[in-house]
Amino acid sequence: MLTLGIDTSTDNLGLALIENDMIKAEYNLSLKRKHSEKLLPLMVDIFANIGIRPQAIDAAVVAIGPGSFTGLRIGITTAKILARIFDIPVKGISTLEIMAAGVESEYILPLLDARRERVYYSFYKLNYKENDYLPKTLLTAAGARISELSNILRNYKDKEITVIGEKRHEVIDHLKTNKFLVNQSAAEKNIPRAAVLARLGRDYIDQGQKDDIYELKPTYLKQPQAEIDWQKKYGDN
């Protein structure tokens, strides 16, 4: 099964092709929101470099956020188009879940910067010692102030928690101050890896968990500024 992973949810643009358990190609590029101009040329490049035609892919997998409003739409729209053109399944995966699935730890707290001392977070358990690499969600994705995390995670204070992603140093300091058992991972674990995305999507699709292309939508934890401005000007009508 040849699976294409697409991630445009953060500053990093990720593309990966995996076939069964082999990574055929992977890009993880820090492009600072240039995804609209870079995604399609990089897709052409990744197929050309390994000598595979786009129509050979068997599934498309895409990161659905939280993340950049514009970036999310770019990636999701591209995955939907591929699914429709090639008549292949599509699966959306949380950006936070992608991050958690790339770490071999039991309890994982992935983070994305929500600005103003806030983060987007989710909390997962990974039974990697039993060769189960699909994270189990303990706390669903949400936004919070860093200072609130010790209370949010209070039921897991006796667990060793691996903190990854953006704002991790501030969060680790906060949790340590509140007597949590925390550690961090290697630098490459702090971004959503495209190969991990592709692998997750493949595994979900193998289990029959695919998305309807008409219902697949981004996960927004914050209202877009354009909508806020519209409501201020015109109200809810």
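Tyr 107, Phe 123 and Tyr 156 form one aromatic cluster. The model is predicted, so local features need pLDDT of at least 70 and side-chain atom pairs count only at pLDDT 80 or more, while totals for chains, interfaces and linings use all residues. Numbering starts from 1 along each chain as its sequence is written, and side-chain values use heavy atoms, with hydrogens and water left out.

User: How many aromatic pairs does a search of the whole structure find?

Analyst: Rings of Phe, Tyr and Trp (its six-membered ring) pair if their centres lie within 6.5 Å; planes under 30 degrees apart count as stacked, over 60 as edge-to-face and the rest as tilted. Under that criterion, the number of aromatic pairs in the whole structure is four.

User: What is the angle between the planes of Tyr 107 and Phe 123?

Analyst: This pair is one of the four. The ring centres of Tyr 107 and Phe 123 are 6.1 Å apart and the pair is stacked, with an angle between the planes of 20°.

User: How many residues apart are Tyr 107 and Phe 123?

Analyst: Strands (E, at least two residues) and helices (H or I, at least four) are DSSP runs numbered from the N terminus. Tyr 107 is in strand β6 and Phe 123 in strand β7, so the pair links distant parts of the chain, and the separation is 16 residues.

User: What is the relative accessible area of Phe 123, and is Phe 123 buried or exposed?

Analyst: Buried means under 20% relative accessible area, exposed over 50%, and partly exposed in between (1.4 Å probe, protein chains only). Phe 123 is therefore buried, at a relative accessible area of 0%.

User: Which geometry do the rings of Phe 123 and Tyr 156 adopt?

Analyst: Their centres lie 4.9 Å apart and their planes are at 65°, so the pair is edge-to-face.
Tyr 156 lies in the loop between α4 (149–152) and β9 (160–165), 33 residues from Phe 123. Tyr 156 is buried, at 18%. To restate the geometry, the Phe 123 and Tyr 156 pair is edge-to-face.

User: How many salt bridges does the structure hold?

Analyst: A salt bridge is a side-chain nitrogen of Lys or Arg within 4 Å of a carboxyl oxygen of Asp or Glu. The structure's total is seven.

User: How many residues apart in sequence are Glu 106 and Lys 125?

Analyst: The side chains of Glu 106 and Lys 125 form a salt bridge at 3.7 Å, N to O. Glu 106 is in the loop between α3 (95–101) and β6 (107–115) and Lys 125 is in strand β7 (residues 118–125), so the bridge ties together parts whose separation in sequence is 19 residues.

User: What is the relative accessibility of Thr 3?

Analyst: Thr 3 is in strand β1 (residues 2–7). Not counting residues up to four places away in sequence, Thr 3 is in contact (heavy atoms within 4.5 Å) with residues including Ile 18, Val 61 and Arg 202. Thr 3 counts as buried because its relative accessibility is 0%.

User: What distance separates the C-alpha atoms of Thr 10 and Lys 157?

Analyst: Thr 10 is in the loop between β1 and β2 (12–19). Thr 10 and Lys 157 are 147 residues apart along the chain, and their C-alpha separation is 30 Å.
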